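Please look at the model below before reading on. The report then describes some of its parts in words.

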Amino acid sequence: MENKKLIHIIYYVLSFLIPAVIMMGALAGLEVTPFGDNSLAISDGNALYLNYVGYVSKVLKGQEGILYSFTKGLGANMMGSWGWFLLNPLFALFAFTDVTNYMQMYTYISVLSFSLCGLTMYIMLKDFYGHKADNLIFSTAYAMNGFLVANVFQINFFVDIPVLPIMVMGLRRILKGKSPVIYTVALAYGLFMNFYFGFMLCVASLLFFLVYFLIEWKNLENRKTVAIRYVVSSGLAGMMSAIVWLPALLSLRGGRLDQSLTNAITFKENMPFLDIFSKLFIGANSTSELVNGLPNIFVGIFPVFLVILFFMNRSISVSKKKAAVILLVFYLLSFYVTAFNIAMHGGTVTNWFNYRDSFIFCFIVLLIAVEEWQYFADEPRKNIKRALVIFVVASLMVFNKKFDYVSGTMVLLGLAILALIILAFYMHQIDPAKNTVRMLTMVVLVMMCLDQYLNYYFSVKNIMEWGHKETEYQEVVLPVSALVDAVHGYDKSFYRMEVGEQRSGTLGNDPMLYGYYGVSHGGSDDRDFVRLSLSELGVHRFNMRNNYARGVSSATDSLLGLKYLISKDDIQSEKGYEKLVNIGEYSIYKNPYVLPVGMVVNKDIEDVSINIEDVFDNLNNTWSAISGSDEKVFVEEENIDFSSHNITDPITLSSIEAGKIVASRDEKLSLQDSDDSSPVSGDNSSENILPETVSKNADETWATSQEEPENTNYIKFSFTAGRDGAVYSYNRSGMTEDNGSIPHALNYEGYYHKGDEVIGYIPIEGSVITKYLLEEVAGRFRIAYLDEDVLSKMSSMILDRPSTVEKHGGRMLRGTFTAGNDQKLMFTIPYDEGWSLKIDGTEIKPEKVLDVFMAVDATPGEHFFEMKYVPIGLREGAIISSFGLILTITLSLRNVKRR
């Protein structure tokens, strides 16, 4: 008896360790940290998740708030981030890891996550078939399934994958009239940890239940009781997890949630149907597959072979075969048909990394395969031969089609592995003794491990070009984190700061990594009006991302409360900031014009809108309104000459001429929009207003350069500086509210003195510069000088109105201010209904100003204010979860008493 218990424990341990050994062996070969300098922080792993876990680490250390954080953009509700990205218990390990070693911990988290999938799959199989060594074949296959391997860098995807086997185990117990506790807790856990993947678990649960319930209708006893128990248990799971998913969903209003509700329903095909099966082969992965690839459904060569045998096996009931067909077809159709695919993702269109529910398909394939395995040792040879013919023919079809991501060598390797397994099968059938059964099991397990190793190794190798070196990461993080810590130690007040060169590039999530309050953020968990407004105030925006970079002016810095800037560039001449200290290439600069996060402003701010296309105008109007001065911080240059430099004929044009042409064209476009009867022609041109070469909402925008481009077409601009100052350019021709692809809101051209000749270049890669294109660029191109004296004067005017802001905990602000006549208290914090504000103890509802910030009216005199933040839906979610938990405990105790 003791030996049996020990063997059972060994099986559990092996189900966890085998995937870990496979991964560590492959990672060593790929020289991934800790075995080398490569990392698994690939793509979003580097730009997104490394930064997010930095925030989690600081929450666990008590340095950051749970519900709201100023490390997310200008400040944001964190419930969407928790419900979508952050609630993985393994992330707690980052709290015990220095930020310079995050990439190494990233590897360990990935390995642990895969191994947990192996353990939970074994637990389910043990419940279905008992403790058996051959369960390890299929627990390993699930742990190393194609979805996990292809998304090895997406550590936020991992948390719910181990839940699926436990949920299905609990569901099976409900169907057999047993306690629903395991099912309820598993589903609640899945929804709590990640509501996005939790939704997919709910869909799978409903499908599994309906298929079993309908097919086994005649054999089920107490059908009504079983159905009620399932519905109640599922409802309780949803209730217990409501404290996370309800406020998380509501936090996505104005962003991802609204986009989901407006997605068009179309029944077009996503790919040629048979192409799906090309992903069943070893190493069928690539960077292009990550962007817009097919479902990642690899489970190993042998399980697919077993599925073919399953449908040939007469010993398996027709009802089981029907269930298998329904489950497989359902998910295959969800891959194939766009509308079904969107529905399976909760109404969202995935942005890269498609078919995120494909792990469920892998699980279904393995469920079918493990059922066939119970008969495999005694399977008739004719079935083996037929299945082998089908598999070989399918393999040759894939081989012949020559998919870019499928290697012919890998197809042949898969066939070789299958051949060795079949050879072991024939050896067993020659002498069907107990020892040969064990030998067959061991051969299959070893071959499956080899299969999984090869797939993991080559799948990861194929995407390593998007990876990042650990030493490169450390070279940036070590000095920047030290400087951030130095600033925090030096200045304890409430302010923002930024890093001039974001480590995470256009995603701009450095504030979360280092733990400073900034303006940058990129992800699916932010609101559109914040992203858009920041770009209209001069912060770079690219798609769903705001990132601080060169070109953001001191006018923007000061308005948004950026008191310190860490940069490799010498920005003293550009911005006039004081250089404090440096570490290596990076230096800290202090902004002398910075405004507080809470400031007293003129009431004129009510009349200012920044939803226009000119950053210079936005900043001028904003500074004028909040200060009460009519002066301008940006003075535009009007006389700019442009010339195109095609490989063919040059064209010249002045900014004044171009401006007139574009204004006339816009007016005609406006008339055309109101009268669709006929097209409108451009001035002095046979081209239509919207020629094929340039679209009005083009996804192109062009960054300027001071160096003449080589081997490409470009537009040259030149002018004589009319005054001293930092010069910025702004190209409106690429700016649209539709696609939001604006990598450069402003470009810094340099600091010039009056009379200097200024020359710059706009590379136009891939486009022939037509007269129309030159007119569009020149007519919408702006150059302006930042007037540092005016900025200093306006800043002083606002700072002369006393105001203080102190941060208390993660979601409370307190302070004092003195207001005059016709003035408001404004916070450069994004408007959010979750904020409550009291002035002198009286609650006042904030209003939105400048299309993004919060403000309240104030009577003349000195005042005290207090702000608190509670996410919308949190209280309601907590109440629902409490009732759900009480009901679950009550019903569980009743079941125990009955038994």
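Predicted model: local features only at pLDDT ≥ 70, side-chain atom pairs only at ≥ 80, totals over all residues.

Residues are numbered from 1 along each chain as its sequence is written, and side-chain values use heavy atoms, with hydrogens and water left out.

**Cores**

A nonpolar core is a set of buried Ala, Val, Leu, Ile, Met, Phe, Trp, Tyr and Cys residues joined through side-chain atoms within 4.5 Å. Buried means under 20% relative accessible area, with a 1.4 Å probe and protein chains only. The largest such core holds 187 residues, and Phe 302, Phe 305, Phe 359, Phe 376 and Tyr 456 have the most contacts inside it. Helix α17 (residues 358–376) gives the most to this core, 14 residues. Helices (H or I, at least four residues) and strands (E, at least two) are DSSP runs, numbered from the N terminus. Apart from this core lies another one of 48 residues, including Leu 74 and Tyr 577.

**A sheet and its helices**

Four strands form an open sheet in the order β11-β19-β15-β17, with antiparallel pairing. Two strands pair if DSSP finds at least two bridges between them. Because β11 (634–637) and β17 (747–752) each have a single partner strand, they stand at the edges, and one side of each is left without a neighbour in the sheet. Strand β15 (residues 725–731) pairs with β17 over five bridges, and Val 727 stands opposite Gly 750 in β17.

Two helices touch this sheet, where contact means heavy atoms within 4.5 Å. The angles in the table run from 0 to 180 degrees between N-to-C directions, and the axes are lines fitted to C-alpha atoms, for helices over the stretch in contact.

| Helix | Strands | Angle |
|---|---|---|
| α26 (residues 615–627) | β11, β15 and β19 (781–786) | about 150 degrees to β11 |
| α28 (residues 771–780) | β15 and β19 | about 25 degrees with β19 |

**Aromatic contacts**

The structure holds 61 aromatic pairs; rings of Phe, Tyr and Trp (its six-membered ring) pair if their centres lie within 6.5 Å. Phe 642 and Phe 781 form an edge-to-face pair (planes over 60 degrees apart), with 5.6 Å centre to centre and 90 degrees between the planes. Phe 642 lies in strand β12 (residues 641–645) and Phe 781 in strand β19, 139 residues apart. Both Phe 642 and Phe 781 are buried.

How values were computed:
Buried < 20%, exposed > 50% of the residue type's maximum accessible area, 1.4 Å probe, protein only. Phe/Tyr/Trp six-rings, centres within 6.5 Å; stacked < 30°, edge-to-face > 60°.
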